[in-house]
Amino acid sequence: MLLILNKLQLAASLFKTNLTIKVISVKFIHSTFAKYDKVEDIENDTDLPVPPSKDRSKIIPVDISIKYLKSSAYKQSYGDEPIWKYYKRNFKGHIPPKKTRKTCIRSGILATGNPCPICRDEYLVLDYRNIDLLKQFISKESGEILNYHYTCLCQKAYKDLLVAIMKSREYGLFPYNVPFRYYNYLEWKN
């Protein structure tokens, strides 16, 4: 008897008229997910247009960077001040974080809205031959390399800066000497 009831319930479920097919509305399907099968395909897609102002995949030679530092376009942008002088770092709250961001450029594209002073200008190339740029990151009083808290460089640009300064000092292009300060001792004499 139990076997017959099971078969009747199975037959009744097949003939029910309230069975409906579920259809997902088209407005809930995002166009990027319709194009790709996996999430990795979306991240690795190179067809998406990159604005020219954020593209950093083109390599600028050091010679062009040295000419740029002497040009009128550089003078108009930065004047006689160092490139980091008027840069303001964005951070949440009123207390700045202990370290700056790791990098501003990821896979050849500016990844942040407020990149560091080196990453924001594509013609500023950190190289041991670019002495005029390296001098801006040396303290005039003590001759030491300025910290990234002071200059607001990202960690990658700061490491490149340290390597460029050390390499230029090894080649003899950049002086080790500390500037001598002359004092007028007549002011303290009785």
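This is a predicted model: local features need pLDDT of at least 70, side-chain atom pairs count only at pLDDT 80 or more; totals for chains, interfaces and linings use all residues.

Biologist: Which residues lie nearest the centre of the second largest pocket, and how many residues line that pocket?

Modeller: The residues nearest the centre of the second largest pocket are Arg56, Ile105, Glu122, Leu124 and Lys156, and the lining has 18 residues. The space in this pocket comes to about 510 Å³. If you sort the lining by residue type, you get ten nonpolar, two polar and six charged residues.

Next, look at which helices take part. Helix H6, residues 117-120, and helix H9, residues 155-171, each supply at least two residues of the lining of the second largest pocket. H9 gives the most, with three residues.

To see where these pieces belong, step back to the whole chain for a moment. The protein has nine helices and two strands. Along the sequence they follow the pattern α-α-α-α-α-β-β-α-α-α-α. Of the 190 residues in the protein, 29% are buried. Contacts across the sequence matter for the picture too: among those between residues at least 6 apart, 66% join residues at least 24 apart.

The protein has seven aromatic pairs. In one of them, Tyr128 and Tyr171 have ring centres 5.0 Å apart and planes at 45 degrees, a tilted arrangement. Tyr128 sits in the loop between H6 and helix H7 (131-134), while Tyr171 belongs to helix H9, so this pair ties together parts that are 43 residues apart in sequence. Tyr171 has a relative accessible area of 54%, so Tyr171 counts as exposed.

Another pair brings in Tyr148 and Tyr158: their ring centres are 5.2 Å apart and their planes stand at 75 degrees, so the pair is edge-to-face. Tyr148 lies in helix H8 (residues 148-151) and Tyr158 in helix H9, so this pair ties together parts that are ten residues apart in sequence. Both Tyr148 and Tyr158 are buried. Elsewhere, ring pairs join Tyr68, Tyr74, Tyr78 and Tyr123 into a cluster.

Tyr148 also leads us to Thr100. Leaving aside neighbours within four places in sequence, Thr100 is in contact with Arg89, Tyr148, Cys152, Leu153, Cys154 and Gln155. You will find Thr100 in the loop between helix H5 (72-78) and strand S1 (105-106). Its relative accessibility is 8%, and because buried means under 20%, Thr100 counts as buried. The side chain of Thr100 reaches the backbone oxygen of Leu153 at 2.8 Å. That side chain also makes a polar contact, at 3.0 Å, with the side chain of Gln155.

The largest pocket has a volume of about 630 Å³. It is lined by 25 residues, and the closest to its centre are Pro82, Lys135, Gln136, Ile138 and Lys140. The lining of the largest pocket divides into eleven nonpolar, five polar and nine charged residues.

Terms used
Residues are numbered from 1 along each chain as its sequence is written. Side-chain values use heavy atoms; hydrogens and water are left out. On a 1 Å grid over the protein atoms alone, a cavity is a set of points where a 1.4 Å probe fits but cannot get out, and a pocket is an open set with protein on both sides within 12 Å along at least five of seven lines; lining residues have an atom within 4 Å of a point. Grid points are joined across faces, edges and corners, and a volume is the space filled by probe spheres set on the points. Ala, Val, Leu, Ile, Met, Phe, Trp, Tyr, Cys and Pro count as nonpolar, Asp, Glu, Lys and Arg as charged, and the others, Gly among them, as polar. Helices (H or I, at least four residues) and strands (E, at least two) are DSSP runs, numbered from the N terminus. Buried means under 20% relative accessible area, exposed over 50%, partly exposed in between (1.4 Å probe, protein chains only). A polar contact is a pair of N or O atoms within 3.5 Å; within protein, one must be able to donate a hydrogen and the other to accept it, and residues adjacent in sequence count only if both atoms are side-chain atoms. Contact means heavy atoms within 4.5 Å. Rings of Phe, Tyr and Trp (its six-membered ring) pair if their centres lie within 6.5 Å; planes under 30 degrees apart count as stacked, over 60 as edge-to-face and the rest as tilted.
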